[in-house]
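Biologist: Please show the chain and its model. I would then like to go through its features by question and answer.

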Amino acid sequence: MPVQRLNHAVLYVRDVEASVAFYREALGFDVVMSMPGAAFLQAPGSSNDHDLGLFQIGPDAAPSPAGRTSVGLYHLAWEVDTLEELERVRAKLAELGALVGASDHSTTKALYARDPDGLEFEVSWLVPAALLTEETLAGRTRVRPLDLDADIRRYGARTRGGVGVSIPA
């Protein structure tokens with residue numbers, strides 16, 4: 001049987017309390033379990049036991065060299081249901097000073113941000129299968145700046161993304 005989906009990710013962080021506060025405020029995660037130096041968070045609407053585990057390694061931890069001087073994880077990506085929600089997340093990430101980029105991958109509309117430890121993550125909305133066109137599919141070969149206003153006009157602010165792509169139709 002093939003892998004079905006990513007169940008959770010685990011990150012090493014300098015300060016678990018600071019990271020918990022960030023993921024709660026930025027993405028609305030809830031703490032489902034914690035202990036000294038560790039916390040387990042669940043995304044709103046998730047049926048996973050937890051989506052993100054955080055383990056504290058202390059304030060002297062060096063930044064991750066992944067992608068600069070070593071191999072390693074580049075980023076995690078979380079999906080939102082609507083472009084309206086992506087816009088809300090963009091505003092929150094900008095307010096927190098965490099937003100570092102926004103890209104239009106044609107079939108995916110993506111925001112990029114960094115957490116308090118500089119670990120990058122993505123928040124994205126996927127064009128539902130019923131709205132994919134040959135032009136949209138061909139557009140995956142290039143990355144453009146994200147224009148959420150134009151995408152909202154094209155797809156609708158409350159159109160559920162990912163239907164028939166990442167979630168069953």
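**Charges, fold and aromatic rings**

Modeller: The 16 positive and 23 negative charges of the protein chain have mean positions that are 5 Å apart. Here Lys and Arg count as positive and Asp and Glu as negative, with His and the chain ends not counted; each charge is placed at NZ of Lys, CZ of Arg, CG of Asp or CD of Glu. The model is predicted, so local features need pLDDT of at least 70 and side-chain atom pairs pLDDT 80 or more, while totals for chains, interfaces and linings use all residues. Residues are numbered from 1 along each chain as its sequence is written, and side-chain values use heavy atoms, without hydrogens and water.

Biologist: Which pattern does the protein chain follow along the sequence?

Modeller: The protein chain has four helices and nine strands. Helices (H or I, at least four residues) and strands (E, at least two) are DSSP runs numbered from the N terminus. Read in order, the pattern is β-α-β-β-β-β-α-β-β-β-α-β-α.

Biologist: What is the radius of gyration of the protein chain?

Modeller: This radius is taken over C-alpha atoms, and the globule rule is 2.2 Å times the number of residues to the power 0.38. For 169 residues the rule gives 15 Å; the value for the protein chain is close to this, so the chain is as compact as a globular protein of that length, with a radius of gyration of 17 Å.

Biologist: At what angle do the ring planes of F22 and F121 stand?

Modeller: Rings of Phe, Tyr and Trp (its six-membered ring) pair if their centres lie within 6.5 Å; planes under 30 degrees apart are stacked, over 60 edge-to-face and the rest tilted. By this rule there are nine aromatic pairs. The centres of F22 and F121 are 6.0 Å apart and the pair is edge-to-face, because the planes stand at 65°.

Biologist: How many residues apart in sequence are the parts that F22 and F121 tie together?

Modeller: F22 belongs to helix α1 (residues 16–27) and F121 to strand β8 (residues 120–126), so the separation of the parts is 99 residues.

Biologist: Is S106 buried or exposed?

Modeller: S106 lies in the loop between β6 (99–104) and β7 (108–114), and has a positive phi of about 70° although it is not a glycine. Buried means under 20% relative accessible area, exposed over 50% and partly exposed in between (1.4 Å probe, protein chains only). With a relative accessible area of 5%, S106 is buried.
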